[in-house]
Amino acid sequence: MTDFSFIILTYKEEIHLPRLLNSIAGLNAPIYILDSGSTDATLTIAEKFKAAVKVNSFINHPKQWDFALKNFDIQTPWIIGLDADQIVTPELFLQLQNFSDANYQNVNGIYFNRKNYFKGKWIKYGGFYPKYLLKMFRTGIGYSDLNENMDHRFIVTGETTIWKNGHILEENLKENNISFWIEKHNRYSDLIAEEEIERLNNLRQQSNKANFWGNPDERNAWLKRLWWKLPLGLRPFLYFSYRLIFKLGILDGSTGILFHFLQGFWFRLIVDVKIKEILKSKQ
């Protein structure tokens with residue numbers, strides 16, 4: 001048996017799941033899938049790949065990951081948590097194939113490097129690459145950050161390391177339909193607006209230490225703290241300009257610029273509008 005197991009979240013992922021499972025099949029690692037009630041071929045595909053499956057009603061990603069980590073009986077010393085729309089590249093596959101717990105005795109978490117794709121285009125600029133995500137962690141030590149309402153991240157205590165070479169590729173093929181993208185992010189904007197209101201009322205705290213010079217998640221926590229201090233309505237304009245000009249997002253071409261506009265401006269502006277509406281309704 002390998003020193004790690006995979007946990008994957010799914011919901012109607014028949015278009016994505018075979019792609020991911022084929023990319024990790026040769027590792028012969030245990031696979032655990034937590035489904036949210038798929039009615040397509042997702043569970044049939046999971047059965048074909050001999051994955052252990054549980055079903056749990058979806059509230060948000062952090063709570064779903066929390067359920068997965070607490071309810072699967074993982075026997076390996078390490079866990080890798082992946083989304084169904086991600087795949088493991090051959091280079092990362094080789095690193096995992098050669099992975100041994102004995103070589104990482106002083107490490108509790110490993111960051112993978114992600115490449116994000118939108119409409120078939122690798123989003124290389126705008127601050128989206130390199131993008132280090134904590135995806136591999138010690139069983140019983142890594143946990144889901146429940147202080148987030150929409151963004152999900154794993155947290156570990158102790159030392160972490162970054163694998164800069166080898167990647168996970170992330171591309172949600174459903175988002176090739178712009179209506180799907182807009183509907184999905186409209187739901188997400190509700191969650192983030194609610195979260196920011198709770199943070200304003202000190203009902204929600206950051207789990208990670210805010211440290212610009214720390215690990216990728218600590219740096220992200222520092223940037224989020226700065227974001228929350230910026231004026232509502234203005235910050236989407238600042239962020240979009242920052243991504244497009246200072247982080248060279250304009251070099252991503254027409255498809256990339258569309259992505260930066262939608263994700264970096266439109267989405268953030270909708271969040272700010274909803275926050276203002278909530279605040280006004282409570283006056």
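User: Leaving aside its neighbours within four places in sequence, which residues is Lys-121 in contact with?
Analyst: This is a predicted model, in which local features need pLDDT of at least 70, side-chain atom pairs count only at pLDDT 80 or more, and totals for chains, interfaces and linings use all residues. Residues are numbered from 1 along each chain as its sequence is written, and side-chain values use heavy atoms, with hydrogens and water left out. Contact here means heavy atoms within 4.5 Å. Beyond the neighbours within four places in sequence, the contacts of Lys-121 are Asn-116, Asp-252, Thr-255 and Gly-256.

User: Is Lys-121 buried, partly exposed or exposed?
Analyst: Lys-121 sits in strand β7; strands (E, at least two residues) and helices (H or I, at least four) are DSSP runs, numbered from the N terminus. Buried means under 20% relative accessible area, exposed means over 50%, and partly exposed is in between (1.4 Å probe, protein chains only). With a relative accessible area of 31%, Lys-121 is therefore partly exposed.

User: What radius of gyration does the protein chain have, and what would a compact globule with 283 residues have?
Analyst: The C-alpha atoms fill a box of roughly 55 × 40 × 40 Å along the principal axes. The radius of gyration is taken over C-alpha atoms, and the globule rule is 2.2 Å times the number of residues to the power 0.38. For 283 residues, a compact globule would come out near 19 Å, and the chain agrees, with 19 Å.

User: What share of the contacts between residues at least 6 apart in sequence join residues at least 24 apart?
Analyst: Let's start with burial: 47% of the 283 residues are buried. Turning to contacts between residues at least 6 apart in sequence, the share joining residues at least 24 apart is 74%.

User: Which residues touch the most other members of the largest nonpolar core?
Analyst: A nonpolar core is a set of buried Ala, Val, Leu, Ile, Met, Phe, Trp, Tyr and Cys residues joined through side-chain atoms within 4.5 Å. The largest has 29 residues, and those touching the most other members are Phe-4, Phe-6, Leu-96, Phe-112 and Met-136.

User: Which element gives the largest share of this core?
Analyst: Elements that each supply at least two residues of the core include β1 (4–10), α1 (17–24), β6 (109–118) and β11 (160–170). The largest share is four residues, and it comes from α1.

User: How many residues are in the second, separate core?
Analyst: Phe-112, in the largest core, touches residues including Ile-80, Leu-96, Tyr-132, Met-136 and Trp-163. The second core is separate and includes Ile-7, Leu-69, Tyr-111 and Tyr-132; its size is 16 residues.

User: Is Arg-199 buried or exposed?
Analyst: Arg-199 belongs to helix α5 (residues 178–200). Setting aside residues up to four places away in sequence, Arg-199 touches Asn-147, Glu-148, Arg-204, Gln-205, Gln-206 and Trp-228. Its relative accessibility is 11%, so Arg-199 counts as buried.

User: What is the relative accessibility of Glu-196?
Analyst: Glu-196 is also found in helix α5. Its contacts beyond four places in sequence are Trp-227, Trp-228, Arg-235, Val-271 and Ile-275. Glu-196 counts as buried because its relative accessibility is 9%.

User: What is phi of Lys-50 near?
Analyst: Lys-50 is in the loop between α2 and β3 (52–55), and at 75% relative accessibility Lys-50 counts as exposed. Asn-28, in the loop between α1 and β2, is not a glycine and yet has a positive phi of about 55 degrees. Lys-50, a residue other than glycine, has a positive phi near 60 degrees.

User: How far apart do the centres of the positive and negative side chains lie?
Analyst: Lys and Arg count as positive and Asp and Glu as negative, while His and the chain ends are not counted. The place of a charge is taken as NZ of Lys, CZ of Arg, CG of Asp or CD of Glu. The chain has 35 positive and 30 negative side chains, and the centres of the two sets are separated by 5 Å.
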